[in-house]
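Dear colleague,

Please find the structure below, together with its sequence.

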Amino acid sequence: MTDDHTLAAELATAAGGLLLRTREEHAGTDPKELKDIGDRVSHDFLMAELATARPDDAVLSEEGADDHARLSAQRVWIVDPLDGTREFSEAERDDWAVHVALWQDGELVAGAVGRPARGVTYSSAESEPAKGAAGDPLRLAVSRSRPPEFVTRLADHLGADLVEMGSAGVKAMSVLDGIADAYVHAGGQYEWDSAAPVAVARAHGLHTSRIDGSELVYNNENPYLPDLVVCRPEVAETVLKGIRAVED
């Protein structure tokens, strides 16, 4: 049987390929309609594949009804079929992603973040550290469309540069790619936004936590998980100290 790391990566890659074809087939479609089509196509594909490959596992998907049977399940797949719908609806943009993660007995144990338009899938099966070295000044990944005021204050405090991009998964993986040193989010998210990026980030040795430094906990009854830090381990203390300073 395919191991969980490989399955997560295969599913994220295949769903991404389907989304690329969908975007091409629906070129010229109203952006809102294209977002909805992309969400539905990827969700339906992932649900069907997981039902076949892991029929005994529960699933929490952004686009599906939340079956609270997952709360008593030992294994729960947490998926975001299309992270960064706005970017997906813009033909020239590649900063959108597919998230597939597995939670088991209280921990994230596998995950993959697919970046289909780049032909790249990041996987928890790998463990290479982040590329390059921390920037001077530090670089913070931030939303291009709605950079939160909190992160702007943090950047000012740290003397950091803001690097704009879409999709939570893309921003988290930018730390692995050496494009940013940290991704700090405090504007509200759900478990499917961060589960796969966090699973991959942890496998590669990055720091992951809530903005107060506490542990990220998944498969909660309420899947709202509003804040997140993913950063190079060598800058974690600096970033968390900066967060405390701007919160005071």
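Contact here means heavy atoms within 4.5 Å. Helices (H or I, at least four residues) and strands (E, at least two) are DSSP runs, numbered from the N terminus.

Please note that this is a predicted model, in which local features need pLDDT of at least 70 and side-chain atom pairs count only at pLDDT 80 or more, while totals for chains, interfaces and linings use all residues. Residues are numbered from 1 along each chain as its sequence is written, and side-chain values use heavy atoms, with hydrogens and water left out.

Helix α1 comprises residues 4–25; at 1.5 Å a residue, its 22 residues should span 32 Å, and the 31 Å between its end C-alpha atoms agrees with this. The expected span is 1.5 Å times one less than the number of residues. At the N-terminal end, Asp3 caps α1, with a side-chain oxygen 2.9 Å from the backbone nitrogen of His5. A polar contact is a pair of N or O atoms within 3.5 Å; within protein, one must be able to donate a hydrogen and the other to accept it, and residues adjacent in sequence count only if both atoms are side-chain atoms.

Among the buried residues of α1 are Asp4, Leu7, Leu11, Ala15 and Leu18. Buried means under 20% relative accessible area, exposed over 50%, and partly exposed in between (1.4 Å probe, protein chains only).

Helices α1 and α2 pack at an angle of about 150°, with their axes 10 Å apart. Axes are lines fitted to C-alpha atoms, for helices over the stretch in contact, and angles run from 0 to 180 degrees between N-to-C directions. The contact involves residues of α1 including Leu7, Leu11 and Leu18, and residues of α2 including Leu34, Val41 and Phe45.

**Two buried residues**

Leu11 is in helix α1 and has a relative accessible area of 4%, so it is buried. Leaving aside residues up to four places away in sequence, Leu11 touches Phe45, Leu46, Glu49, Leu50 and Val100.

Ser123 belongs to strand β5 and is buried, at a relative accessible area of 6%. The side chain of Ser123 reaches the backbone nitrogen of Ala125 at 2.9 Å. With residues up to four places away in sequence not counted, Ser123 touches His5, Ala9, Gly111, Ala112, Val200 and His204.

**The five-stranded sheet**

An open sheet of five strands has mixed pairing and the order β7-β6-β8-β10-β9. Because β7 (161–165) and β9 (207–209) each have a single partner strand, they stand at the edges and one side of each is left without a neighbour in the sheet. The twist from one strand to the next averages 20°. Two strands pair if DSSP finds at least two bridges between them.

Strand β6 runs parallel to β7, joined by five bridges, with Ser143 opposite Met165 in β7. Two bridges join β6 to β8, again in parallel, and Ala141 stands opposite Tyr183 in β8. Strands β8 (residues 182–185) and β10 (residues 228–231) are antiparallel over four bridges; the bridge partner of Ala182 is Cys231 in β10.

Both faces of β6 are covered: Arg139, Ala141 and Ser143 are buried on one side, as are Leu140 and Val142 on the other. Helix α4 (residues 149–158) lies across β6 (139–143), β7 and β8, at about 165° to β6.

Yours sincerely
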